[in-house]
Amino acid sequence: MKNNFTKQSKFALHNIRIAIIIFSIFIAGRGFAQNTTALGTAKVWGTINGIAIEGVVQGPSAQVSDLQVACVFEYTEGDIFNSPPALPPALNGLVHLDQDMKGLITEIRKSGKFLGHANETLLITPPKGTIGGKHLLLIGLGDRNKFSPELMTGVGSVAMREALKLGVSNLAFASDLKDAGIDSPTALVAGNVVKGIFEAYRAQLWLKEKKMAIIKPISKVILLAGPAFFTTAGEGIQEAISAIKN
């Protein structure tokens, strides 16, 4: 009788623990949903030099653009897939991009053909219908253990310079830091990207005035964010816009 009672008690305690875990997940899930923005949401945060700066809740694979920019760190085995620290596959834009490119992103990084050093670039022209972007530009972020938000200013400049070389009308930018499992300050990163983009663009406008550059104007910069980070990214973007205009 004593052994049966002990087994029943342990079984009941086990069920209680499971119920608590399920309830906690349910509550956390409700909280997460309340703080997220719907996929496909788009908002123009402001305009600088005739360029609309639009935020979109979308992944780099699905976003329609002339040029899609994606950022990656130096390769470590399974880095974009191992969750945590990487985001789960369902929320991971880099995973979706790699899958839609038939594993090319992982292959090219793993093989050493693209090392991902800070500000290193690789331009890819995917077959039509592969992803939403007509061109895909990979920009390296270097060693993930040495990442600093200040790096993103230079990365933003690189993205704009490459866009101007291609003569595209618009570009979409995905920092992919959260996807890669980096606990980065979202607002600061987004703001730094905007600052870098317009540092590069204004430098080319200056050269154009001196008749030392020919550039095709860009009409829109699209900054991609995940559902949980759209609002925070927007705050950083708006702060950067205000700083650039002043």
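K134 is exposed, with a relative accessible area of 56%, where exposed means over 50%, buried under 20% and partly exposed in between (1.4 Å probe, protein chains only). The model is predicted, and local features need pLDDT of at least 70, side-chain atom pairs count only at pLDDT 80 or more, and totals for chains, interfaces and linings use all residues. Residues are numbered from 1 along each chain as its sequence is written, and side-chain values use heavy atoms, with hydrogens and water left out.

Six salt bridges are present in the structure, a salt bridge being a side-chain nitrogen of Lys or Arg within 4 Å of a carboxyl oxygen of Asp or Glu. One of them joins K134 to D66, with the closest N and O atoms 3.6 Å apart. Because K134 belongs to strand β5 (residues 133-140) and D66 to strand β3 (residues 65-72), this pair ties together parts that are 68 residues apart in sequence; helices (H or I, at least four residues) and strands (E, at least two) are DSSP runs, numbered from the N terminus. D66 is buried, at 14% relative accessibility.

A salt bridge also links E54 and K220, whose closest N and O atoms are 3.3 Å apart. E54 lies in strand β2 (residues 51-57) and K220 in strand β7 (residues 220-225), so parts that are 166 residues apart in sequence are tied together. E54 is buried, with a relative accessible area of 13%, whereas K220 is partly exposed, at 30%.

K110 and E77 form a further salt bridge (3.6 Å, N to O), and both residues are exposed.
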